Every structure is written in C-alpha cells, then in structure tokens.
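Okay, thanks for making time, everyone. I've got one structure to walk through today, so let me put it up on the screen.

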Amino acid sequence: MKDKQPKAEWHLQVETDMKALTSVLEWLENIVLPALPADFRWQCGLIITEGFTNVVRHAHQNLPQATLIDLEVKVFADYLEIRIWDRGQPFKLEAKLHSIMEQQHDPENEGGRGLVFMYKLTDDLRYIRTDDLRNCLVMRKNIT
C-alpha cells in the first residue's frame, strides 16, 4: 500500500499565459526536484510542460489571461504526484487518448502528442472533475 502522507509538497498558482511556463519550470527544477535523479527531473519537466501547455492552449483558450492555473507537486515515499487544475470544459481523457493512438499512423496528424507523452512517461494519468467545478490532471510517477 502506498504512503498516504507526502514527505513534501509544494503549490504554485500562475495566470493563463504561456510565458508563465518559465516560472513553472524554474519552480519545479529549483524548488521541487533538486534531490531527484536528472533523468527523473527531465521526465517530470516534460509532463508538467505538456500538462500546462494543454491548459493554456485548450482548456483556457476562451478564458481571460487572469484565469488562474493551480499546480501542486507531492513527493511520497515511492512516487511523485503532479496535479494541475484548470477551469475549462471537461473532456474524457481515456477517449481522447484512444482516438490519438488510433490516428498516430497518420503523418499529417500531429495533435495530441502531449497527451501521449504524459501517458507514456507516467505510471498513472487521470483527469477528474472536482466539486468546485474545476478539472484536475493527476500524474503519478514512481520513484525508482
């Protein structure tokens, strides 16, 4: 059974702006992940980049730039969990991933690669609707 209590946790809130990705990655690299192996940090940077980019480009595309995006990272004994909350319209992650995987053989179709990266680089990937009418992308990565 996995630990329920995190060893450490961090929170960050930024506006819906692609320029904020620099702050997100600096936060992740300098505050959250410095004690973890370089390859693990690189993979976490990629999945948080893809998740954040999807929020800005898709979930918040019709919302004001002042709309906040919440990020959270928790480190447990044997895994790391990244959560990104958005205020956009929900979508069905599993159905979207299935659709993307079916279309991957089409060289003209480049959409959805970020979701595929997140799926392949995490050990658990979920997208849930919260009680406060936000959506939360939950990404867990085992620490080996």
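This is a predicted model: local features need pLDDT of at least 70, side-chain atom pairs count only at pLDDT 80 or more; totals for chains, interfaces and linings use all residues.

What we have is four helices and five strands, and if you read along the sequence, the order goes β-α-α-β-β-α-α-β-β.

On dimensions, the C-alpha trace spans about 40 × 35 × 30 Å along its principal axes. The radius of gyration is 15 Å, which agrees with the value near 15 Å that a compact globule of 144 residues would have. As for contacts with a separation of 6 or more, 64% of them are between residues 24 or more positions apart.

Now the surface. The protein exposes about 8,500 Å², and carbon and sulfur atoms supply 50% of that.

Going inside, 44% of the 144 residues count as buried. In soluble globular proteins, nonpolar side chains tend to be buried together. Here the largest nonpolar core has 35 residues, and L80 and I82 touch the most other members. Who supplies it? At least two residues each come from α1, α2, β2, β3, α3, α4, β4 and β5. The top contributor is α2, with eight residues.

Let's zoom in on L80. Leaving out residues up to four places away in sequence, L80 touches L33, L36, F40 and C44, then V73, K74 and V75, and also M139, R140, K141 and I143.

How values were computed: Residues are numbered from 1 along each chain as its sequence is written. Side-chain values use heavy atoms; hydrogens and water are left out. The radius of gyration is taken over C-alpha atoms; the globule rule is 2.2 Å times the number of residues to the power 0.38. Buried means under 20% relative accessible area, exposed over 50%, partly exposed in between (1.4 Å probe, protein chains only). Contact means heavy atoms within 4.5 Å. Accessible areas come from the Shrake-Rupley method with a 1.4 Å probe; for residues, only the protein chains shown count as cover. A nonpolar core is a set of buried Ala, Val, Leu, Ile, Met, Phe, Trp, Tyr and Cys residues joined through side-chain atoms within 4.5 Å.
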